[in-house]
Amino acid sequence: MGTEDVFAVPVFLVVFRETLETVIIVSVLLAFLKQTLDGPNRDVQVYKTLVKQVWFGVGLGFILCLVVAGGLIGAFYTLGKDNWESNEYNYEGAFALVASLIISVVGAALLRVGKMQDKWRVKLAKALEAPVGTGGPRTGRFKRFAEKYAMFVLPFITVLREGIEAIVFVAGVSFSAPATAVPLPVVVGLAAGAIVGYILYKGGAGAKLQYFLIASTCLLYLVGAGLFSRSIWYFENQQWNNVIGGDAAELGDGPGSYDIEKSVWHVNCCSPELNGGEGGWGIFNAILGWTNSATYGSVISYNLYWISVMIAFGVMRYREVKGHWPFMKAKVTPTAAVDQSTNTEQEKTVSD
């Protein structure tokens, strides 16, 4: 029995790639909670509740992706048709887009924690204690739900998206590789990803808070930008699959595997999709959004994402310094109104 009969390298690479993207987000969230809520002025109850939210999101996402993937594989064997594959890029594009937007919001919040650490402790505690409620406007209920379960939503969506993608890929590889070559690379891939995540968590939890927040925010936005660009790439490639009437990935990375009318660049190597992204290209795709076949949409969306992030941080900085949003008048607080009234009376007294 050769090595290829017990260890399928493509399976290991894709499992490690999907695990790596997940553990980056989970380790950053856990290290953030450790830094802000488990320090000298720690709130044990809030800390434990939010950590449970993170792990519950991971667990539920993992279980649900197993159920969904199992249903898809069962449907394939029962009906002889892979319903997931026919619309795979649409599903992956939608998951990537939602995850990118959530990461963008979380990244902005993380960066501001250093200046408002005590305020965040109180805010998190109030959000956990406040009931979601059934009355009032829907937007208000959704906002309260998002605040109360913020640490659950992001790990849940991330694990669900990455897990389904990994399971479907492993199922596809198992048709051409011996069954004995699948279990070991899956276990090794999960273990390797978990080790990387643990190292990131320990490094983040022990680092100085402000340095950790800056580094973790940069890492999250790199992942978020890649996800946003990939979501557009997925949607465009789904359209190309519909045009050719099949899966373009089956053609390899040469002619016919991409729409030349929408192509910005294409190289016949370095694919993050083929064989699990051999040579580390799958890892570059997971963290940086690398693709060997870029489209106008994927390149423009990547740049627009970073422009939007820069504008958003510029606007938040303006509000922090000026006290109001750009192009809006500053609100007159009761204290300011009293001070203004006092100054006016003093001026009248001096003039008399």
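Reader: Which residues are buried in helix 10?
Author: Gly282, Asn285, Ala286 and Ile287 are buried in helix 10, residues 281-288. Buried means under 20% relative accessible area, exposed over 50%, partly exposed in between (1.4 Å probe, protein chains only). Helices are DSSP runs of H or I, at least four residues, numbered from the N terminus. This is a predicted model: local features need pLDDT of at least 70, side-chain atom pairs count only at pLDDT 80 or more, and totals for chains, interfaces and linings use all residues. Residues are numbered from 1 along each chain as its sequence is written, and side-chain values use heavy atoms, without hydrogens and water.

Reader: What follows helix 10?
Author: Gly289, with a positive phi near 80°.

Reader: New topic. How many aromatic pairs are there?
Author: The structure has 14. Rings of Phe, Tyr and Trp (its six-membered ring) pair with centres within 6.5 Å; planes under 30 degrees apart are stacked, over 60 edge-to-face, the rest tilted.

Reader: Why is the Trp233 and Tyr234 pair edge-to-face?
Author: Because their planes sit at 70°, with ring centres 5.6 Å apart.

Reader: Are they buried or exposed?
Author: Trp233 is buried at 10% relative accessible area. Tyr234 is buried at 0%.

Reader: What about Tyr302 and Trp306?
Author: Edge-to-face, 6.4 Å centre to centre, with 70° between the planes. They are 4 residues apart in helix 11 (residues 296-322), so about one helical turn separates them. Tyr302 is partly exposed at 25%. Trp306 is partly exposed, with 25% relative accessibility.

Reader: Which residues do ring pairs link into a cluster?
Author: Tyr221, Phe228, Tyr302, Tyr305, Trp306 and Phe313.

Definitions and conventions
Helix = DSSP H or I, 4+ residues; strand = E, 2+ residues; numbered from the N terminus.
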